[in-house]
2 protein chains.
Amino acid sequence: MIGIFSSGLGGLTVAKAVEQLLPQYPLLYLGDTARSPYGTKGIEAVIDYALENALFLCSQGAKIIVISDNYPSAIAADRLRLELPVPVIDLIGPTVRQAVAASTTGRIGVIGSRATMESDVYRTEIPRKKSACTIFSLACPLLLPLIEEGWIDKRETKMILRRYLYPLRNRQIDTLILGCSHYSLLRHLIQSRIGKKVTLIDSSLAVVDSLQTFLTAHATIPRQEDHTHSENRYFVTSLTESTKDFAAQIFHRPLDLETL
Amino acid sequence: MIGIFSSGLGGLTVAKAVEQLLPQYPLLYLGDTARSPYGTKGIEAVIDYALENALFLCSQGAKIIVISDNYPSAIAADRLRLELPVPVIDLIGPTVRQAVAASTTGRIGVIGSRATMESDVYRTEIPRKKSACTIFSLACPLLLPLIEEGWIDKRETKMILRRYLYPLRNRQIDTLILGCSHYSLLRHLIQSRIGKKVTLIDSSLAVVDSLQTFLTAHATIPRQEDHTHSENRYFVTSLTESTKDFAAQIFHRPLDLETL
């Protein structure tokens, strides 16, 4: 079983991509909505939360753990790899690999939450894969609440996005990393604001791509040809009406969310 | 000493009003930023957090506790009154009293966070003070992140506010409760959108008014004529750059925030 956890609901974009691209694998999701957002917590606390989440998924039968949001990937992945008995796939490595492969000029933009941008993870990791890169990172903290409120098509969201992306427009980037799993849902809007020539790297899709490669190479989890997505289980640590609405918005169907 | 706690930073608007209106009283503030927002947590969890916060303030010498945001006031005030050895002032009672006194038509609007609106506290409490009232409540969840980001004067904020308040405009309310302590900072904008004829009741100011009345009537805390606001102490459970920025924005000075 594939175990996916997230500090909140952003990781549902990853879970949805797994359902679509890897339908023959059973999936278990945990969104730690009660302690969301992680960005305001201390690093040690976030590592503890990530460990707790992953251990819960392992106890439910997960044979591989996917960290499906950027901030815990940035600060807790190494520790999880040390402590867990199963493989751990985080979101940063696959995203960085896709970004450096896509960029020809080496001028790469990154947008994400304030916590992820302040962790400087992309600024640190990209040069490890390709030294001659110039990174422009930009925190866009209001995008997450706008997305979670379902304001994706609203005029105000387009204006706020334009305001955020403005400083990136004359940086001549050829690649832009969507360094927050929520941003998948704004992909089209971001593409039209930043221009068609810029390649978008969606961290939610990059991690699923990496998972797919891993599952093909290693027989960690057997395929189940008769598996349907209705057998997948979705857990949250706190459930509100807006949680349900947001999940339904991503999956285009009501999701049966179980509370831990 | 006056002890004020809040689930995050909204209560700083209350603390600032206390500094201005009751400058001769020493003040101790605790913002539980690490566990903010409370609105996504279960009711029992929020009561526990509120108790912990209040007990910390008592351990530091607080002789009266002020709950300075709406959601914990709505669900935890009764329990705190049972458990604490000091008087507890919450924000709902004073706000309701001011609102029913101000309204002549009995048509009262309330805006606030989704959690406060879903708690239905104003819809329950207002009729207890004045039976012939019609309450129109409206959750405005994006206002809080916009305010915390310091986007108070931005065009997008004005547009979002207009969109939120639109359903209230033809309800012929004569009184509007700002049922979130953050909204103090948007007061002028809200007044201009809803119209000059509507009386705004600011829950942050209502609770300070109530505190002032209490302190005049009871000698719980002696006045200290030589007390200055620089002796007041401000604690948070998690400290980030944006926390500091937001506090400075409210107080028009850098605030010395101590981390617990």
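So, Val66(B) and its bridge partner: in β4(B), that partner is Ile89(B). From β3(B), the chain goes through helix α3 (residues 70–83) of chain B and on to β4(B), a β-α-β crossover that is right-handed. By that I mean that, with the strands pointing away from the viewer, the path from the first strand over the helix to the second runs clockwise. Helices here are DSSP runs of H or I with at least four residues, strands are E runs of at least two, and both are numbered from the N terminus.

Quick word on what you're looking at: this is a predicted model, where local features need pLDDT of at least 70 and side-chain atom pairs count only at pLDDT 80 or more, while totals for chains, interfaces and linings use all residues. Residues are numbered from 1 along each chain as its sequence is written, chains are lettered from A and ligands numbered from 1 in the order in which they are written, and side-chain values use heavy atoms, with hydrogens and water left out.

Back to β3(B). Two bridges tie it to β4 (residues 88–89) of chain B, running parallel; strands pair if DSSP finds at least two bridges between them. Four bridges join β3(B) to β1 (residues 2–6) of chain B, also parallel, and there Ile2(B) sits opposite Ile64(B).

Which way do the side chains of β3(B) point? Ile64(B) and Val66(B) go one way, Ile65(B) and Ile67(B) the other, and all are buried, meaning under 20% relative accessible area with a 1.4 Å probe, protein chains only.

Over to chain A, where six strands make an open, parallel sheet in the order β4-β3-β1-β2-β9-β10. Its edge strands are β4 (88–89) and β10 (257–259), each pairing on one side only. Helix α1 (residues 12–21) of chain A lies across β1, β2, β3 and β9, at about 170° to β2(A); axes are lines fitted to C-alpha atoms, for helices over the stretch in contact, with angles from 0 to 180 degrees between N-to-C directions.

Last stop, Asp90(A), in the loop between β4 and α4 (92–102) of chain A. Buried or exposed? Buried, at 10% relative accessible area. Its side chain makes a 2.7 Å polar contact with that of Arg81(A). Polar contact means N or O atoms within 3.5 Å; within protein, one must be able to donate a hydrogen and the other to accept it, and residues adjacent in sequence count only if both atoms are side-chain atoms.

Conventions:
Buried < 20%, exposed > 50% of the residue type's maximum accessible area, 1.4 Å probe, protein only. Contact = heavy atoms within 4.5 Å.
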